[in-house]
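Here are my notes on the model you sent. Please read them with the structure open. I start with the pocket.

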Amino acid sequence: RRLRILSGLYGLLRPLDLMQPYRLEMGTRLDNERGGDLYQFWGDIVTDLLRKDMNAAGTDVLVNLASNEYFKAVRPKRLPGPVIEPVFHDEKNGQYKVISFYAKKARGLMAAWILRNGVDQPADLKKFREAGYRYDKQHSTDNRPLFRRAEGAGASENRISAASVSCAHSGSIRAATPTVSSVAGTAESRNHPVARPSTCAQ
């Protein structure tokens with residue numbers, strides 16, 4: 001119920017949906033009936049499925065924890081409400097900035113934290129304190145909450161691989177996160193994209 005995964009091959013998945021091993025990044029250029037890449041192929045399909053799931057759950061808030069590469073496949077303006085996009089900054093040499101390796105882990109950690117704690121209100125995202133991250137009220141906006149981690153904080157957590165997840169919802173909140181390559185597998189698929197496997201939620 002609470003999780004959706006963006007996939008270059010399958011479009012939108014639940015965590016326990018059956019899938020074949022494959023490697024196909026969402027940013028891959030691939031001529032198809034809808035255009036020249038997977039964004040054009042999946043955009044309307046994925047967005048309509050997300051909107052349908054959000055309406056069924058009675059929520060109009062989406063928390064996007066996907067990478068830019070994957071979330072570009074979604075048409076945010078066609079969703080029923082605002083999209084919240086948490087940002088994660090790490091300190092390096094006295095400056096805070098997005099470090100992609102750590103930001104990917106942090107997105108996965110937040111998605112898992114939302115699910116474990118049954119978070120269903122956007123304001124409760126501010127309580128996220130995993131792996132040394134802390135909410136930065138001064139530099140946050142309603143739709144782009146910022147979480148910062150001082151250099152050296154959460155060092156032990158850095159050695160833990162973050163779970164890969166995609167889109168989740170609960171009550172009035174929904175979270176979106178991406179799959180990472182380790183979940184996608186190592187076997188390169190030669191199949192064309194399919195609209196939606198029969199095992200996925202409708």
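Predicted model: local features only at pLDDT ≥ 70, side-chain atom pairs only at ≥ 80, totals over all residues.

1. The lining of the largest pocket has six nonpolar residues, with four polar and four charged ones alongside. Its volume is about 290 Å³. In all, 14 residues line the largest pocket. Nearest its centre lie A66, N68, P86, V87 and R107.

2. **Where the lining comes from.** Two elements, β7 (87–92) and α3 (100–117), each supply at least two residues of the lining of the largest pocket. Which of them gives the most? The answer is α3, with four residues.

3. **The largest nonpolar core.** In soluble globular proteins, nonpolar side chains tend to be buried together. Here the largest nonpolar core has 26 residues. Those with the most contacts inside this core are L6, M26, W42, F71, V74 and L79. At least two residues each come from β1 (5–7), β2 (11–13), α1 (38–57) and α2 (68–71). The largest share is that of α1, with nine residues.

4. Leaving aside residues up to four places away in sequence, V74 touches L6, V46, T47, L50 and L79.

5. **Two residues with positive phi.** Please look at N93 and A131. N93 has a positive phi of about 55° and is not a glycine. A131 also has a positive phi of about 55°, and it is not a glycine either. N93 is in the loop between β7 and β8 (95–97). A131 is in the loop between α3 and β9 (134–135).

6. **Their surroundings.** Is N93 buried or exposed? N93 is exposed, because its relative accessible area is 68%, and the cut-off for exposed is over 50%. A131 is buried: its relative accessible area is 7%, and buried means under 20%.

7. **The chain as a whole.** The protein chain has four helices and twelve strands. Of its 202 residues, 48% are buried. How many of the contacts with a separation of 6 or more join residues 24 or more positions apart? These account for 62%.

8. **Surface.** The protein chain exposes about 10500 Å². Carbon and sulfur atoms supply 48% of that area.

Notes
Residues numbered from 1 in each chain as written. Heavy atoms only, no water. 1 Å grid on protein atoms, 1.4 Å probe; cavity = no way out; pocket = protein on both sides within 12 Å on 5 of 7 lines; lining within 4 Å. Points joined across faces, edges and corners; volume = space filled by probe spheres on them. Nonpolar A, V, L, I, M, F, W, Y, C, P; charged D, E, K, R; others polar. Core = buried A, V, L, I, M, F, W, Y, C linked by side-chain atoms within 4.5 Å. Buried < 20%, exposed > 50% of the residue type's maximum accessible area, 1.4 Å probe, protein only. Contact = heavy atoms within 4.5 Å. Areas by Shrake-Rupley, 256 points an atom, 1.4 Å probe, with all protein chains shown as cover.
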